[in-house]
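Please keep the sequence and the 3D view open while reading.

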Amino acid sequence: MRVDHTPTRLRHICRVLAALVVVVFGVVTVLLPRGEDRVEAFGPLDQAAFFAIGLLIAGGVLVLTRFRVRADARGVWVRNSLGERYFPWAVVVGVHLPPGSTWAQLELHDDETVAILAVQTSDGDRAVDAVLALRGLLKDAQGA
């Protein structure tokens, strides 16, 4: 068995929001007053810089679409905002989706918890299915 899960709802929201940011910054860039008088108008370089800022903001929003959890019989790979970490099943004690929390968590043998940002409660049954699949892999690994 193998688990490969990404947050569906968050991805849709981030893509729409990033597109909206690009459109808004594009429209504002076009509507900026133009002219040679630097006191009251923006030049082409200013407009390009303004639009580039919009692209950077959209890129920052799209970073949130990188969340992923992958697991197989060897262990679990958790990719959050800043990178991907691997945990062999030997160091994992449990997989939890606590009531009222936004995302799932891995409980490790040293009492550390790791957020699994890819498994978000906003995805409803998909999140529950992912947690159950991760628990199944953990149970198989512990039984072996």
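A salt bridge is counted here when a side-chain nitrogen of Lys or Arg lies within 4 Å of a carboxyl oxygen of Asp or Glu. By that criterion, a search of the whole structure finds six salt bridges. The model is predicted, so local features need pLDDT of at least 70 and side-chain atom pairs count only at pLDDT 80 or more, while totals for chains, interfaces and linings use all residues. Residues are numbered from 1 along each chain as its sequence is written, and side-chain values use heavy atoms, with hydrogens and water left out.

One of the six salt bridges joins the side chains of D4 and R68, at 2.9 Å from N to O. This pair links distant parts of the chain, since D4 is in strand β1 (residues 3-5) and R68 is in strand β2, 64 residues apart. Helices (H or I, at least four residues) and strands (E, at least two) are DSSP runs, numbered from the N terminus. Exposure is given as relative accessible area: buried means under 20%, exposed over 50%, and partly exposed in between, with a 1.4 Å probe and protein chains only. D4 is partly exposed because its relative accessibility is 46%. R68 also falls in the partly exposed class, because its relative accessible area is 26%.

A salt bridge also connects the side chains of E112 and R85, at 3.7 Å from N to O. Here too distant parts of the chain are linked: E112 sits in the loop between β6 and β7, R85 in strand β4 (residues 83-88), and 27 residues separate them. E112 has a relative accessible area of 31% and therefore counts as partly exposed; R85, at 40%, is likewise partly exposed.

R126 and D123 form a salt bridge through their side chains, with an N to O distance of 3.7 Å. What is the exposure class of D123: buried or exposed? D123 is buried, because its relative accessible area is 13%. R126, at 36% relative accessibility, counts as partly exposed. Elsewhere, salt bridges that share partners join R2, D72 and R74 into one network.

S101 is found in the loop between β5 and β6. Its relative accessible area is 19%, so S101 is buried. The side chain of S101 reaches the backbone oxygen of P98 at 2.7 Å.

Now to the nonpolar interior. In soluble globular proteins, nonpolar side chains tend to be buried together. A nonpolar core is a set of buried Ala, Val, Leu, Ile, Met, Phe, Trp, Tyr and Cys residues joined through side-chain atoms within 4.5 Å. The largest such core has 32 residues, among which V76, L106 and L134 touch the most other members. At least two residues each come from α1 (8-31), α2 (44-62), β2 (68-71), β3 (75-80), β5 (92-96), β6, β7 and α3 (125-143). The largest contribution is that of α3, with seven residues. Contact means heavy atoms within 4.5 Å; leaving aside residues up to four places away in sequence, V76 touches residues including V69, F87, W89, L106 and L134.

The last stop is a strand pair. Two strands pair if DSSP finds at least two bridges between them. Strand β6 (residues 103-108) runs antiparallel to β7, and five bridges join them. Across this pair, A104 stands opposite I116 in β7. The hairpin has four residues between the strands, and in it D111 takes a positive phi near 65 degrees. Strand β7 (residues 113-120) is mostly covered, with six of its eight residues buried.

Conventions:
A polar contact is a pair of N or O atoms within 3.5 Å; within protein, one must be able to donate a hydrogen and the other to accept it, and residues adjacent in sequence count only if both atoms are side-chain atoms.
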